[in-house]
Amino acid sequence: MTINSTHSYIATGLSKNIDLTFLENIISESNSQRFNNRTYIHGLNHISHLTGVDYFFLHDIMTRKENPYKIFFIRKNLGNREIKEPNQRLKLVQRTINQQVLSKIPVHWRCFSYHKGASIVKCASEHLGAKSLVKFDISDFFGNINELLVYKSLIKLKYSGSSSYAMARLCTHPNSENDNFGVLPQGAPTSPSLSNLVFFDVDCKLQRLAHKNNLIYSRYADDITFSSFNDLSRQEFLDLKLSVVKILKYHNFELNRDKIKFISSSTPKFVLGINVGGETLKLSKRYKNDIDCHIYGLKKYGLVEHMRHRKFTSVFGMIQELFGKINHAKNVEESFGLSRESELRNFIQTKGLFFN
């Protein structure tokens, strides 16, 4: 039953012998969500109705009888990243939850990832001209956001227990075959937004910590950065680290101890791979060299040979990734990015290829 006109909804409910008080409570909850521009979710049946996905399929996912995820790995700088991709039916459900609920939830203003208008460049810009940097990395960020944390965050948004439980279960994946308790899977459309939702209270505490110590705080996914216009002492760094560890531990998160970095005034300063130590943002020499080596290799050895050398599975994928790198370069150092874009386009056009 869909909530359209309040009167017709009540009349339809009463005709099905549903209690009036129960119907009025549903309408009250629905109005509360509509006031915040979010879609009201009553429970699993309602999700099935909204998406057209079979109720029994969704019920089997909630009870962990069905595993609708495909697991594969993608290359990253150090090793591989495990991706858990939901099948098309569950992906439709998760995209609906993302669009109708999660995308309408405000993100903390110091978070620069996974929302409209956010970017690596904007995050790095916050620390431009800093004399000292302190950088932290959260260990297994998605893997430490479990279904209970998701459930509690949705309850805070005034969703009912049944709808919060349904959404939490449909958007998490079991830790292992022997553990039905779910965590956020990398590869689900809902995981990025849910991570921002769950982490909101942590962002608030870290921002208060930064304000108290006259620091600038930013977060991009699992990367946390504090910066100062002054030189921080070793003791100030240790005190800050202790405070961050306590805040994260209270909220079920831990730092990757190997990636804690204290960068003083005499050392080059990079935030998310972008040099923020001067008056303008700069790309790292390594980033520029990688683009130049790609273009050099393409010209000298050809598309196919360079693809094999760089261990790509397709020419198209390789070119797309290179254009992605160049687009990022344009956002940081426009003249460098534009020149390399022109060089790459001219080359691939001589091979009869065209990319938008």
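Is arginine 219 buried or exposed, and at what relative accessibility? Arginine 219 counts as buried, at 0% relative accessibility. The model is predicted.

**Nonpolar cores**

- The largest nonpolar core has 53 residues.
- Inside this core, the residues with the most contacts are Leu170, Phe199, Leu206, Phe226 and Val244.
- Helix α9, spanning residues 191-212, gives the most to this core, with eight residues.
- Leucine 206 is one of the residues with the most contacts inside the largest core. Beyond its neighbours within four places in sequence, leucine 206 is in contact with Phe199, Tyr217, Ile224, Phe226, Val244 and Ile247.

**Packing of α7 against α9**

- Two packed helices are described by the angle between their axes and the distance between the axes.
- Helix α7 (residues 147-156) packs with α9 at an angle of about 75°. Their axes are 10 Å apart.
- Angles of 65 to 115 degrees count as roughly perpendicular, so α7 and α9 are roughly perpendicular to each other.
- On the α7 side, the contact is made by Leu149, Val150, Ser153, Leu154 and Lys156. On the α9 side, Leu194, Leu197, Val198 and Asp201 make the contact.
- By class, this contact has six nonpolar, one polar and two charged residues.

**Arginine 219**

- Arginine 219 is found in strand β6, which covers residues 216-220.
- Its side chain reaches the backbone oxygen of alanine 221 at 2.9 Å.
- Not counting residues up to four places away in sequence, arginine 219 touches Arg110, Cys111, Phe112, Ser113, Cys123, Phe141, Asn196, Phe199, Asp203 and Ile224.
- Phe199, one of the residues touched by arginine 219, is also among the residues with the most contacts inside the largest core.

**Leucine 240**

- Leucine 240 is found in helix α10, residues 234-250.
- Under 20% relative accessible area means buried, so leucine 240 counts as buried at 6%.
- Leaving out residues up to four places away in sequence, leucine 240 touches Val134, Leu209, Leu215 and Phe226.
- Leucine 240 and lysine 269 are 29 residues apart in sequence. In space they are 18 Å apart, C-alpha to C-alpha.

**Histidine 328**

- Histidine 328 lies in helix α13, which runs over residues 315-332.
- Its relative accessible area is 18%. The cut-off for buried is under 20%, so histidine 328 is buried.
- Histidine 328 and serine 119 are 209 residues apart in sequence. Their C-alpha atoms are 10.0 Å apart in space.

**Serine 48**

- Serine 48 lies in helix α3, residues 44-51.
- Serine 48 is buried, with a relative accessible area of 12%.
- A polar atom of the serine 48 side chain lies 2.6 Å from the backbone oxygen of valine 53.
- Setting aside neighbours within four places in sequence, serine 48 is in contact with Val53, Asp54, Tyr55 and Leu58.

Methods
Residues are numbered from 1 along each chain as its sequence is written. This is a predicted model: local features need pLDDT of at least 70, side-chain atom pairs count only at pLDDT 80 or more; totals for chains, interfaces and linings use all residues. Side-chain values use heavy atoms; hydrogens and water are left out. A nonpolar core is a set of buried Ala, Val, Leu, Ile, Met, Phe, Trp, Tyr and Cys residues joined through side-chain atoms within 4.5 Å. Buried means under 20% relative accessible area, exposed over 50%, partly exposed in between (1.4 Å probe, protein chains only). Helices (H or I, at least four residues) and strands (E, at least two) are DSSP runs, numbered from the N terminus. Contact means heavy atoms within 4.5 Å. Axes are lines fitted to C-alpha atoms, for helices over the stretch in contact, and angles run from 0 to 180 degrees between N-to-C directions. Angles under 35 degrees count as roughly parallel, over 145 as roughly antiparallel, 65 to 115 as roughly perpendicular and the rest as oblique. Ala, Val, Leu, Ile, Met, Phe, Trp, Tyr, Cys and Pro count as nonpolar, Asp, Glu, Lys and Arg as charged, and the others, Gly among them, as polar. A polar contact is a pair of N or O atoms within 3.5 Å; within protein, one must be able to donate a hydrogen and the other to accept it, and residues adjacent in sequence count only if both atoms are side-chain atoms.
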